Amino acid sequence: MMHHKRLEHRFVEHLPERLEAGVLYISMEYATAAHCCCCGCGKEVVTPFTPTDWSMTFDGETVSLSPSIGNWNFACRSHYFIRRGRILEATSWTDQQVEANRRKDRAAKENYYGTPELTNVVKPTLEQPHQAKTSKLSFIELCFGAARRLWRELRNQSKN
C-alpha cells in the first residue's frame, strides 16, 4: 500500500540536499526528477529524462512521469505510476520480469546510442548516495549534465 497518494511538484535548478516526502523535484537544467519513495520507506528515487529512460509531462498544473517507477533494488520493491500528480499503485514484478525489463532497457540504449559502451553512461543506480548541495554540483547533476551534452553531440554528429 502506498503511503503517499499524491506528489506536489517543484521545479528546481538543483536538487535539495534533503528530499521532502510527498514532493517531486524536477530539474529541467539537469533533465532529471527525484522524490522519496511513495511507499514511505524514505529511499530516494531518481528518474533521468532521456530518450531511453523516463519522460515528464507538465500540463500547466500537474506532472506525469512515464514509464512507471519500479523500485526493484529497494527492500520495499514498490511499483507505481505518477499520473497528473497522483500515485497509482501497480502490481509487483517477479525477479524474472525485472530482469527481462532490464534487458529490454539495455537493448533500447544500445539501439538508440548505437554502442554498448554508452549504454551505462546515462543512468546511475538508484542507490547512489545523495550529495550535499554546496557550490559544487552533485554527482547526479554532473552525470546528467554530461549525459545531456554527450547525447546532443551524438545527435548532432548523426545529422551531419
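Visitor: Why is Phe-58 called partly exposed?

Guide: Phe-58 has a relative accessible area of 39%. Buried means under 20%, exposed over 50%, and partly exposed in between, with a 1.4 Å probe and protein chains only; Phe-58 is therefore partly exposed. This is a predicted model, in which local features need pLDDT of at least 70 and side-chain atom pairs count only at pLDDT 80 or more, while totals for chains, interfaces and linings use all residues. Residues are numbered from 1 along each chain as its sequence is written, and side-chain values use heavy atoms, without hydrogens and water.

Visitor: What makes Tyr-113 buried or exposed?

Guide: The relative accessible area of Tyr-113 is 11%, which lies under 20%, so Tyr-113 is buried.

Visitor: How do you know that Phe-11 and Phe-58 form an aromatic pair?

Guide: Rings of Phe, Tyr and Trp (its six-membered ring) pair if their centres lie within 6.5 Å; planes under 30 degrees apart count as stacked, over 60 as edge-to-face and the rest as tilted. The centres of Phe-11 and Phe-58 are 5.1 Å apart with 80 degrees between the planes, so the pair is edge-to-face.

Visitor: Why does this pair tie together parts that are apart in sequence?

Guide: Phe-11 lies in strand β1 (residues 8-11) and Phe-58 in strand β5 (residues 55-58), so the parts tied together are 47 residues apart in sequence. Strands (E, at least two residues) are DSSP runs, numbered from the N terminus.

Visitor: What makes β7 and β8 a pair?

Guide: Two strands pair if DSSP finds at least two bridges between them; β7 (residues 79-83) and β8 have four, in the antiparallel sense, and therefore pair.
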